[in-house]
Amino acid sequence: MTADELKTYPVAAALAEAEPDALVGGKFDREELTLEIAADQIVAACAYLKNEQKFVRLSTVTAVDRYPDEPRFEVVYHLHSPERNQRLRLKCRLGGGSPEIDSVTVVWRGANWYERETFDLFGIRFRNHPDLRRIMLPEDWEGHPLRKDYPVTGDRV
Amino acid sequence: MSDGEIPGVTVVQAEIPEESAETPVPRPRRMTLNMGPQHPSTHGVLRLLLELDGETITSAQPDIGYLHTGIEKEFEVKNYQQGVTLTDRIDYLAPLSNNLCYCLAAEKLLGLEIPPMAQWQRVMLTELTRLNSHLVWLGTHAIDIGAMSVFLYCFREREDILRIFEMYSGQRMMTSYFRIGGLALEPPRGWQKRVRDFIDVFPSRVDEYEELLTNNRIWTGRTKGVGFISLEDMLDWGVTGPMLRAAGLRWDTRKTQPYSSYDKFDFEVPTRTENDVYARYLVRIEEMRQSARIIKQALEGMPEGRWAADAPHVVLPEREKMKTQMEALIYHFKIVTEGFAVPAGEVYQVIESPRGEVGYYMVSDGTAKPYRVHVRGPSFGNLQAIPEMVQGTLIADVIASIGSMDFVLGDSDR
């Protein structure tokens, strides 16, 4: 979707004006709006959407592994505004080497566990996270199971 | 020998240290208490690390993951229809709610239109699931607080519901009755009578529970004013469902973003403002009455028609057609051997489960297996708020507070 088409959606237009560096793309598919955010601008974008656009709830944070494509990871945030009765998806792309992104726990404290889960299962590090530990798997577990190059069955070599 | 001396015994004066000039700093007498993961009131395998000052909790740290089964990874190696059976096992007290959310997500990707009869059956059965889940919650919550008999009453009605599920699907708990495209089987003969028999008496059974609890002085003493956490904090931590409604937020996905024809039903979304364990109890009791209303409407207004969508590439053909039509046989073979391809894209489908917001984020790459399925379980978000909720309260209130959250660990750990 071109930048002009994207601006027909009020949220996207407002975000593009308030944080010009943040919005890098987006799409509207099956009644759902996805905004692509520059990875280093995620905190600024989330803070704006929460404080000025009433997206007070962070529904979930997760990731998708596009292995072997590059950039390999998509970090996906689902926002919700009960007042506007709207949902919004944010997406940041990260390279496969050592994926890192700023934590949004400064915006929503509830991002804490979702980011821990994403760290645990995908190996994406969240900078400035207050307590970045594994949450599902034991502390001495090796590897990150939801990565596409992690086998589903078989012995660990 | 003078008085007071014992021969052969020398009395040694104990050395009393001289008092130092500085007053000693009183050390905090903190105790760390490990609650769970086998504690019965944690309903599964939640571990809480409590730090206590006397009986007051100074900090609490939930520890989860004991029930992690890698379901999200498992989805990626099953075809779409097989994935339904995994969703039962996520929230095992509300299996049909998870079935529904998964199917709706896949149907949104496929662009399938579900016939009204299947939609209404889905509504009726998910509301029965809500009753089922609330009954287990009420029974166990009451046991935790010390009201033993309520449990027996609740499980009496739950048994009726499980029998209805068994009649529909052959399974009491892991029903997998909703499939992508509609229902797994045609509704069984005589379902109307079974559901009617149940729903006619159920409201009076809710009265019974209320008689036991609502004005019970022990119950109100243990629940009123306990477990407060502000609405802003809850929204910030990701808490959803009856917890928010007991704090005055009238938000229910069934009303605000209706799915599966919930907009055709007449029901209220109960709210309270006290925001304590007692208010959450009242909200859930009222939700049971409202669910009963929905079930009754579904029963009386059930539309006629097919129970699965007219989509031969997704829904298995009828047995009879396979014997007479070549096409039906081909479709059957293709669906069974390789499944069906789902157009590329991504959706986030949200429904209102008994515990709160269930979300399925499904990514398709155009093949017959999902590229990624992420499950947003309500218990996961709710559990995060425990430290905030129990800090500064008494240890006995922890049991009541976490009971009022109504979490299922399978749902949070997946």
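**View 1. A side chain reaches a backbone in chain A.** A polar atom of the His129(A) side chain sits 2.9 Å from the backbone nitrogen of Asp131(A). This is a predicted model, in which local features need pLDDT of at least 70, side-chain atom pairs count only at pLDDT 80 or more, and totals for chains, interfaces and linings use all residues. Residues are numbered from 1 along each chain as its sequence is written, chains are lettered from A and ligands numbered from 1 in the order in which they are written, and side-chain values use heavy atoms, with hydrogens and water left out.

View 2. His129(A) is buried, at 11% relative accessible area (buried means under 20%, with a 1.4 Å probe and protein chains only). Beyond neighbours within four places in sequence, its contacts are Ser103(A), Thr105(A), Asn112(A), Glu115(A) and Arg116(A) (heavy atoms within 4.5 Å).

**View 3. An open sheet in chain B.** Here 3 strands line up as β6-β7-β8 with antiparallel pairing (two strands pair if DSSP finds at least two bridges between them). At the edges are β6 (345–353) and β8 (372–376) of chain B, each pairing on one side only.

**View 4. β6 beside β7 in chain B.** β6(B) and β7 (residues 356–364) of chain B are joined by 9 bridges in the antiparallel sense. Look for Gln349(B), which stands opposite Tyr360(B) in β7(B).

How values were computed. Helix = DSSP H or I, 4+ residues; strand = E, 2+ residues; numbered from the N terminus. Buried < 20%, exposed > 50% of the residue type's maximum accessible area, 1.4 Å probe, protein only. Polar contact = N/O pair within 3.5 Å; in protein donor to acceptor, adjacent residues only side chain to side chain.
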